[in-house]
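This briefing sets out selected features of the structure shown below. The points are grouped by topic for reference alongside the sequence and the coordinates.

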Amino acid sequence: MKLTVFGATGGVGREVVRQALDAGHEVTAVVRDPARLGVPAHDRLQVAVVRDLTDEDALVPVLAGRSAVISALGSASNKQARLAPVTGPALRAVVSAMDRAGVSRLAAVSAAPVGPDVATDGFVARRIFLPLLRRALRDLYADLAAMEATIRASGTEWTVIRPPRLLNKPRTGYRRVIGANVPNARTISRADVADALLASLTDPSTTHQAVGVAS
């Protein structure tokens with residue numbers, strides 16, 4: 001496939017680029033600063049510098065002729081999400097640019113707390129831990145929720161991947177639940193999230209679905 005990857009300099013995005021190249025895909029990595037990509041030059045890798053991800057006109061050229069789009073965008077902190085939300089505004093421009101470029105398939109990373117609680121999780125998780133986490137990171141999760149709403153309302157064939165806390169570990173395999181969060185989800189590696197994003201592109205069962213993933 002020919003893929004465009006947004007958020008390519010982040011932990012998940014960098015893994016998406018590496019794994020996609022290893023799998024034989026052609027990748028356009030959209031970045032603000034090429035020096036931060038950290039992926040060796042490759043004959044199937046094109047690096048596109050776009051400073052403003054809300055500039056729809058600038059996004060159309062990096063999407064033209066692509067098979068699918070992966071968004072690994074996310075705010076670096078709750079403070080950043082409060083002062084200058086990244087993900088929601090960017091995805092509004094991305095899905096509009098996808099429509100103009102004739103690209104329909106989209107996979108995007110969100111977060112487990114944006115989704116519903118799992119009824120079988122314990123009292124402490126549902127009534128204490130998650131409410132505290134959602135309060136502490138409310139602006140970050142509000143940004144991701146806005147992103148999800150934009151994606152659901154779009155004409156794309158979308159999948160949203162919702163992981164719990166991310167770790168810098170290698171791929172080890174993961175649990176997956178389509179349409180819900182994973183029970184007793186605690187952590188997952190960024191490499192496994194990248195794997196889930198890439199796998200969803202060719203899995204029709206994930207289309208128009210939020211997918212929970214966790215170790």
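Asn-78 lies in helix α3, which covers residues 78–83. The model is a predicted one, and the points that follow describe Asn-78, strand β1 with its partners, the packing of α1 against α7, and the loop residue Thr-120.

- Leaving aside residues up to four places away in sequence, Asn-78 touches Ala-136, Leu-137, Arg-138, Asp-139 and Leu-140.

**Strand β1 and its partners**
- Strand β1 comprises residues 2–6 and is mostly covered, with four of its five residues buried.
- With strand β2 (residues 26–31), β1 pairs in the parallel sense over five bridges.
- Within this pairing, Thr-28 of β2 is the bridge partner of Thr-4.
- Ile-70 in β4 is the bridge partner of Val-5.

**Packing of α1 against α7**
- Two packed helices are described by the angle between their axes and the distance between the axes.
- For α1 and helix α7 (residues 190–200), the angle is about 60 degrees and the axes are 8 Å apart.
- The two helices α1 and α7 are therefore oblique to each other, because the range for roughly perpendicular begins at 65 degrees and that for roughly parallel lies under 35.
- The crossing of α1 and α7 is right-handed.
- On the α1 side, the contact is made by Gly-11, Val-12, Glu-15, Val-16, Gln-19 and Ala-20.
- On the α7 side, Arg-190, Ala-191, Val-193, Ala-194, Asp-195, Leu-197 and Leu-198 make the contact.

**Thr-120 in the β5–α5 loop**
- Thr-120 is located in the loop between β5 (105–109) and α5 (123–136).
- The relative accessibility of Thr-120 is 62%, so this residue counts as exposed, the cut-off for exposure being over 50%.
- Thr-120 and Ala-58 are 62 residues apart along the chain, and their C-alpha atoms are separated by 45 Å.

Note on methods
Residues numbered from 1 in each chain as written. Predicted model: local features only at pLDDT ≥ 70, side-chain atom pairs only at ≥ 80, totals over all residues. Heavy atoms only, no water. Buried < 20%, exposed > 50% of the residue type's maximum accessible area, 1.4 Å probe, protein only. Pairing = 2+ DSSP bridges. Axes fitted to C-alpha atoms, helices over the stretch in contact; angles between N-to-C directions. Parallel < 35°, antiparallel > 145°, perpendicular 65-115°, else oblique. Left-handed = near helix turned anticlockwise from the far one by under 90°. Contact = heavy atoms within 4.5 Å.
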